[in-house]
Amino acid sequence: MITVNVAYPTLQNDTISFAWHADKHMPFFNQESFYIKYEGMNIENYSIEVYWQIFLSTLIPIFNLSEEPVELIFPESIPAYLAETWINYHLAANVRITPLCYETVIKENIHNTIPDNAKVGLLYGGGKDSACAFAMFSEIYGVENTLLISYVAPYDKNLFIKDDIRRKRLLLEPLQEELNVKVQTVITDIRAIIIDNDTAKHMHLAMFMGPALPIVIHYNLNVVTFSYEFDLYWTSSHTTGRKKFYFMLSRPEFCSYISERTNAILGTNFIIANPNFSFSNLIAFKILVNRYPYMMKHLLMCEDTSDMDEKWCYNCDKCLKFALYCLYYWRGEGFIDISRVLIQSPIIKRALSPEGLLENSYCNIVAALDPEYVAQKTSEEAFAIFMTLREKFSKWANPSFESFISPAFEKLALPQPLGDKLKNIITAYCPEINEVQPYLFSGKLWVDIDYNLICDVPNVFMLNHM
Ligand SMILES: [Zn+2]
């Protein structure tokens, strides 16, 4: 058993810091502390459970990686309901929390607004998916009721200031100036204190969910969104039939579990929703281009460069997507050098190697694009590359990537009239379908999605707290 003593968090105006000490070396951490800064937002006066929730949500999955069981010893009693929530959510059979208390705590006194006037907070990265969600929600609720949550959490400590300034300069300030949208920036070293990216990924959406709670309370949010496209949520391998809930921790069942239990204990009234759960990023782009063209110049998809003046690295998946999506839908130029992407992209080079594969949404694009049009818009060399791609991959175009997937949307169980309003916007741009055809996930694995499957949050807590 590893014993971890957790210290009281320290609070200073807009910043909270946590520290702990393990009695044995734990190889998952670079250091035994982290901070979260809610820029300009005083967070000193919340109830202690709000702070503990941040700690539990983010670090339980990391402690749970230990081969030896881990006992977290807190300096005061933690409500069992809260401990149970995060241990179950993270399936953390390896983590015990002590001491516990069994009273129901409802300390935050928040008055609720009527659903139609609800305020929405969007986890905002600036790419096509979150930009689409922002545009749709600001149409439904009004931009004055919309908050962008910019979460700056680089893997590398040296990138902090650069990432923050770059995002503000290239993304947030132009949006604030032009659309007068509210922005709450959150800066944290939570990823940088963890030994590597793969380990940090175990936090999944909880890296945002727990830390978002002070923002939910401060802005009285009723809806908190994040944006992951449908194809991440496959449920079995098409080749072997093996079942797996990919991206489980951000599935609708897991999101409802967290919001319902948080509402019950803290008296908040919010839901966590992924508006992009029922369509692809090809459709997100299509909605932006056709309904919200003013958002095009505000897209900041590429995060592989720290260049202060350049939006694109020309090498990553996001740059390739933007270039091809522009060709596919937008029929305009000037935002990215499309020929340069086609010639330079390592993803295309890999795809064109003998065993190479290509992500499904790209296959739809290369199948549907008119070669004559591409020839006009690209250099000779880039056009030749495009035609080779087209020959190899156009047979894999898949209608699921250009549709609205009804059973996925129903799974979100959004309150009305929000649900109908969102659905009306999305279905104005694509047909509805009831089933997803098998597709090649991430250019690697053939997968299926079965929307009849329900992924219940298991009761792990009782097992290790008996
Ligand atoms: Zn890039």
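The structure discussed here is a predicted model, in which local features need pLDDT of at least 70, side-chain atom pairs count only at pLDDT 80 or more, and totals for chains, interfaces and linings use all residues. Residues are numbered from 1 along each chain as its sequence is written.

## Crossing of α9 and α10

Helices (H or I, at least four residues) and strands (E, at least two) are DSSP runs numbered from the N terminus. The axes of α9 and helix α10 (residues 317-330) cross at roughly 50 degrees and come within 10 Å. Axes here are lines fitted to C-alpha atoms, for helices over the stretch in contact, with angles running from 0 to 180 degrees between N-to-C directions. α9 and α10 are therefore oblique to each other.

The crossing of α9 and α10 is right-handed; a crossing is right-handed if the near helix is turned clockwise from the far one by less than a right angle, and left-handed if anticlockwise. F285, K286 and V289 of α9 make the contact with Y325, Y329 and W330 of α10. Two residues are in contact if their C-beta atoms, placed from the backbone, lie within 7 Å. By class, this contact has five nonpolar residues, no polar ones and one charged. Ala, Val, Leu, Ile, Met, Phe, Trp, Tyr, Cys and Pro count as nonpolar, Asp, Glu, Lys and Arg as charged, and the others, Gly among them, as polar.

## Helix α3

The 14 residues of helix α3 (residues 128-141) should span 20 Å at 1.5 Å a residue, and the end C-alpha atoms are 20 Å apart, which agrees. The expected span is 1.5 Å times one less than the number of residues.

Eleven of the 14 residues of α3 are buried, so α3 is largely enclosed by the rest of the structure. A residue is buried if 20 or more other C-beta atoms, placed from the backbone, lie within 10 Å of its own, exposed if 12 or fewer, and partly exposed in between. The buried residues of α3 are K128, D129, S130, A131, C132, A133, F134, A135, M136, F137 and S138. They pack against β7 (120-123), β8 (146-152), β10 (223-225), α9 (281-291) and α17 (418-427). Just after α3, G142 takes a positive phi of about 90 degrees.

## Helix α2

In helix α2 (residues 80-89), seven of the ten residues are buried, so α2 is largely enclosed by the rest of the structure. The buried residues are L82, A83, T85, W86, I87, N88 and Y89.

## Backbone features elsewhere

The peptide bond from T98 to P99 is cis, with omega near -10 degrees, and P99 is in strand β6 (residues 95-101). The bond from Q416 to P417 is also cis, with omega near 5 degrees; P417 is in the loop between α16 (406-412) and α17.

N13 is not a glycine, yet has a positive phi of about 55 degrees. N13 sits in the loop between β2 (10-12) and β3 (15-22) and counts as exposed, with 12 C-beta neighbours inside 10 Å. F247, also not a glycine, has a positive phi of about 60 degrees. F247 lies in the loop between β11 (236-237) and α8 (252-266) and is partly exposed, with 15 other C-beta atoms within 10 Å.

Methods:
Angles under 35 degrees count as roughly parallel, over 145 as roughly antiparallel, 65 to 115 as roughly perpendicular and the rest as oblique.
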